[in-house]
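Subject: Handover of a structure and notes on its contents

Dear colleague,

Please find below the structure that I am handing over to you. My notes on it follow directly after it.

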Amino acid sequence: MTASPLRCAPHHAWFDEARFGIFLHWGIYSVGQYEASWAFYNDGVKGQDPRDSIPHDQYMAQRHAFLARRYDPEAWLDAFKDAGARYTVLTSKHHDGVALWDTAEGLSTVRDCGAGRDLLAPFCAATRRAGLNLGIYYSHLDWNHPDYASQPKQPGTFTDPHPGHRYSFGEREDAARWERFLRFHRLQLRELCERYSPDLLWFDGDWERTWQQWRFTELRQQLLQWRPGVLLNSRMGDQGDYATPEQAIPMSPPPGPWELCMTMNRSWSMALDQSYKTPQELIRLLAECAGMGGNLLLNVSPLSDGTLWHQQLGLLREIGTWLRRNGEAIYGTQAGLPAGHWYGPSTLSKDRTTLYLTVLDRPSGEVAVKGIRNRIRSATLLGDGGHQLPQRVSGGAPWMKVPGVLWLGVPASAVDANGSVIKLELEGPLDLYTGHGAVVTQN
Ligand code: GLC
């Protein structure tokens, strides 16, 4: 990410409040359980895991078996809604160029796959019906398009579907072909905007050309014309609205609005990969993102017939259970305390009068929060019937506006293994002491 004027307009409040979305990688790669698109791109690359490296023709042959026979987007949405997600983002076209919709040009599930139909339209309808916001993923680059020349990772690898046209940047670009590709790229994006009216376009795959070649400034204008108000992620040079860290929790919040995208196991598309994260890990991630003012976009990888894998459903259910109890601390909140005040994630209500402290690990009795000058009106655990937690203040010189440490009694038995949330209602908006300390000159 480069420094960019990231912006979320007021009509993007839904995104700022959502905190939890579902990403879906679903395409012909789901048939053989290969990593989306990369499996043929990485073909022959030294040291590549052979499970994730197959010749191009073998990769593409999967399309015949991509039937989507049990595809039930309503059932998907029931599961996502139940998990507490507020928006979805589906791969309408990954780097392999196979569109899930009835596009006028290029490869599609309608013309080129066993499914023989538009798989995107029913997904969009189901998302709308469930009342979630709709995001559409689209890869700028297209490793199967005859006018898109790609760059192999290592010379001699990547069975190029269009040999002899290997390219690429700057002066070596074949201008006429690139113009044709850009026309196609715009045509597809216009179709997506006008047919499905997404709230969010989630771009990817901009790294093989420069921002200038993609003409991202022009693209932003075009997209906003085709779909007024659409939110754009940052994988379009400096023309996006929010940052997209990937696969690792940021150590400090990216500037402006942001969203972490993350897989449940190690793969975007392979549900059968067994390296699943635990529910505790995923809930921790969600709480940590919210604590830094960001969203978590958690990936799901449906099987090729459209079934959702039971381990993924199980994780979604656990997140849903946790959010039903603790969602107040997540949705619509803003970043909480800076590091050092509380050892865990925390969030603040919009008016900054309620502080939510997430207890991730089992306490041995009391937990401490530092620097709060406000009087505490109430201290409870979410979902615990409003029982007041015992409190005491230790140290401090409040008459000099230097608060002591607030200790809250939280018995380990009261803490959910996935994390519990302390709700501190403050008198007035948070008044936080962040000073270095001083000599106490009045007693
Ligand atoms: C990367 C990968 C892509 C994946 C995406 C999700 O850009 O290339 O396969 O879809 O991340 O963020």
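Arg 70 is exposed, with a relative accessible area of 60%; exposed means over 50%, buried means under 20%, and partly exposed lies in between, with a 1.4 Å probe and protein chains only. Please note that this is a predicted model, in which local features need pLDDT of at least 70 and side-chain atom pairs count only at pLDDT 80 or more, while totals for chains, interfaces and linings use all residues. Residues are numbered from 1 along each chain as its sequence is written, and side-chain values use heavy atoms, with hydrogens and water left out.

Salt bridges

Arg 70 has a partner in Asp 305: the two form a salt bridge whose closest N and O atoms are 3.6 Å apart. The term stands for a side-chain nitrogen of Lys or Arg within 4 Å of a carboxyl oxygen of Asp or Glu. Because Arg 70 lies in the loop between α4 (56-61) and α5 (73-82), and Asp 305 in the loop between β7 (295-300) and α11 (310-326), the pair ties together parts that are 235 residues apart in sequence. Asp 305 is partly exposed, at a relative accessible area of 21%.

A second salt bridge joins the side chains of Glu 194 and Arg 190, at 2.9 Å from N to O. Both residues belong to helix α7 (residues 175-196), where they are four residues apart, about one turn of the helix. Glu 194 is partly exposed at 46%, and Arg 190 is partly exposed at 41%.

Glu 427 and Arg 375 also form a salt bridge, with their closest N and O atoms 2.9 Å apart. This pair links distant parts of the chain, 52 residues apart: Glu 427 is in the segment after β15 (420-426), and Arg 375 is in the loop between β11 (366-370) and β12 (376-381). Glu 427 has a relative accessibility of 43% and counts as partly exposed.

The structure holds 23 salt bridges.

The ligand and its surroundings

Which residues are closest to the ligand? They are His 25, Trp 38, His 94, Asp 204 and Glu 246, from a shell of 13 residues; a residue is counted if one of its heavy atoms lies within 4 Å of the ligand. By class, the shell has seven nonpolar, three polar and three charged residues. Here Ala, Val, Leu, Ile, Met, Phe, Trp, Tyr, Cys and Pro count as nonpolar, Asp, Glu, Lys and Arg as charged, and the others, Gly among them, as polar.

On its own, the ligand has 310 Å² of accessible area, and the protein covers 93% of that (Shrake-Rupley method with a 1.4 Å probe; for residues, only the protein chains shown count as cover).

The chain as a whole

The secondary structure comes to 11 helices and 15 strands; helices (H or I, at least four residues) and strands (E, at least two) are DSSP runs, numbered from the N terminus. Of the 443 residues, 57% count as buried.

Yours sincerely
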